Amino acid sequence: MEDEKGYIIVTPGTLLATSPKTGNGTYISENKTYSKYLGILKKSESHINVLPFKYSYRPMVGDRIIGRVKDFNYPFFIVNMTSPAPSFLYLSDVSSRFMEQEELLQQYKPGTWIYAEIAEISDRIKLSMKINEAKKLEGGRMASVSPSKVPRIIGKSASMIKMIQEKTKTHILVGQNGVVWIKGDNAGIVVKAIEKIGREAHISGLTDRISKYLDGELKNGK
Amino acid sequence: MENKLIKDGVRLDGRKLDELRELKAELNVSRSTEGSAMFSIGDTIAVATVYGPMEVYPRFLENSEKAVIEVNYTMLPFSTDDRNRPGFSRRSVEISAVIKRVLERAIILEDLPKTKIIINIEILGADASTRCAAINAASMALVLAGIPMRDMVSSCSAGKVEDTLILDVAGKEDTEGDIDIPIAYFPLKDEILLLQMDGIMTKEELDKLMDMVKGGCKKIYDFQKETLLNIEKDLETK
C-alpha cells in the first residue's frame, strides 16, 4: 500500500477515516469509515471511494448490457447476463415494430447474444430492446472483464474504445455487466488487449500502454 | 513418559511455546471460480473456492433482506495418515456449520439480498487445526471474490500439553495433549467469533491462553493482509 505508485490498495476492514464519510465501497461503523472490498482507494474532500478489483454485477435501470438468451417461456425470453438474478425480455419489448411470435422465436433462439437496456427492476429484472442501439449480436467474439473495469475500457469520453476501434478496425460493444462484443478481423488482438486492461486498469498511463501494445501486436500479425 | 513433548521450552518440532508454524498462501489457485485461495500452516493445507453471488436454489431458502451462504468443508481421502472416507461425515457437517456462523458475521449479507454464496473448502493435508486453516483460506477467497466484508477473519488454535500452554497445536501435541482450543478472531472489533474447547482448564489458564491465541491470530491477520496487498504481482503473472 505505497503512495509512490500513485495509488493505495486497501483490504476489507481498513480504517479509512475517523468520521463517517459517504462513498462507494465503504461502510460506517461506530462513526468510523472502513473499507468493504479489496481495491484501490480514491479520496476526495467529502467522499471516500474504494474501487474493488472484482465485484459481481448489480443491475441498475438504464444500464446497457450484453446477455445471452437462455430460454423462452411465454410471454418472455429468459436472458442470462452474469448477474445473480436472470433478466426477462418480454415479447412486447423485443422490437418497436410488430413482429409475429413465430418470427421472434426464429430470431432469438436459445444461445443468441443480445445488446439491450434494463427497463425496469421490480420483483424481476425487465429488459427492453426498444432503444435504437439495441440489437441481436451476430458473429464476432466475446470477452469478459470484471464490471468494475468497464469505465476503463470505455475511457475518458470514450477515448480508449475509440482508439482501439480505429487501430484494429473492429467494431466493439461494451455491456455494463462486463461482457464485451468484438467484430472484425483483428478481434483476437482486441480480446487480449481487453484482458490486459482488466489486469492493469489501476496503473496510470493506461491508454498509452494499450496503444503501444496494439501497435506491437498488429506488426507481429502482419 | 520417556519422550517428552516439551523440553526446556522447546517443542518437538523445534518451535518456541508461542511460535506459529510456517505460513504460506497462494491467491486465485482456481481460474473457474470467482475467488479462491490456498492457505497452509505447517503441514495443514486448505483450499477455499467461492462461487457466487448467484440465484438461490432451493427457492424457499431465499431471503429478500440478505444473502444466504453455504459452506462445504471436506477432508480429502489422502489428507490424513489413514485413508479418509470421501464425502460428508458427521464431523465435516459440524465443522461446516461452525465455519458458516463465523463467515456470516464477516460478510455484509445485507448488501446482497436474494443471492447465495457457496464456499467450498478442501483440506489437502491435515496436521491439526484444520478448521483454523479452513477459516483463513475462506476469508481470503471471499475477499478475492469481491464479496463485501466487514473485515477479514483470522483463526488460530492453542492448547495445553504437559501443563504448559502452547500456541498452534500440531502433530503429537494434538493427539496426546490435554486441551485444544480453536478460535476465530475479528481483529477490528476485538471480537471472538468461534471458540471450541475440549478438556478441563482453570479460568486463569483460559485468560492466559486467550491473550496468547489473540497474538497468534493477529500475526496471521497481518500475513493475510500482506499477501492480499501483493495481489498486483499475482495479476501480472497470471
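Me: What covers the buried residues of helix 4 of chain A?

Reply: The cover includes strand 13 (141-144), helix 2 (150-154), helix 3 (159-168), strand 14 (171-174), strand 15 (179-183) and helix 5 (206-221) of chain A. This is a predicted model, where local features need pLDDT of at least 70, side-chain atom pairs count only at pLDDT 80 or more, and totals for chains, interfaces and linings use all residues; side-chain values use heavy atoms, leaving out hydrogens and water. Residues are numbered from 1 along each chain as its sequence is written, with chains lettered from A and ligands numbered from 1 in the order in which they are written.

Me: How do you know that the length of helix 4 of chain A fits?

Reply: The expected span is 1.5 Å times one less than the number of residues. Helix 4 (residues 187-200) has 14 residues, so it should span 20 Å. Its end C-alpha atoms are 20 Å apart, which agrees.

Me: Why is helix 4 of chain A called mostly covered?

Reply: Buried means under 20% relative accessible area; over 50% is exposed, and in between is partly exposed (1.4 Å probe, protein chains only). In helix 4 of chain A, 10 of the 14 residues are buried. Among them are Ile189(A), Val190(A), Lys196(A) and Glu200(A). For chain A as a whole, buried residues make up 47% of 222.

Me: What makes the pair Lys36(A) and Asp111(B) a salt bridge?

Reply: The rule asks for a side-chain nitrogen of Lys or Arg within 4 Å of a carboxyl oxygen of Asp or Glu. In this pair the closest N and O atoms are 2.4 Å apart, so it qualifies. The rule finds one salt bridge across the interface of chain A and chain B.

Me: Which elements of chain A give two or more residues to that side?

Reply: They are strand 1 (9-10), strand 3 (26-29) and strand 4 (32-35). The contact takes 28 residues from chain A and 30 residues from chain B.

Me: Why does Asn72(B) count as making polar contacts?

Reply: A polar contact is a pair of N or O atoms within 3.5 Å; within protein, one must be able to donate a hydrogen and the other to accept it, and residues adjacent in sequence count only if both atoms are side-chain atoms. The side chain of Asn72(B) pairs with that of Glu70(B) at 3.2 Å and with that of Asn120(B) at 2.9 Å. Both values are within the limit, so both count. Asn72(B) is found in strand 6 (residues 68-75) of chain B.

Technical notes: Contact means heavy atoms within 4.5 Å. Helices (H or I, at least four residues) and strands (E, at least two) are DSSP runs, numbered from the N terminus.
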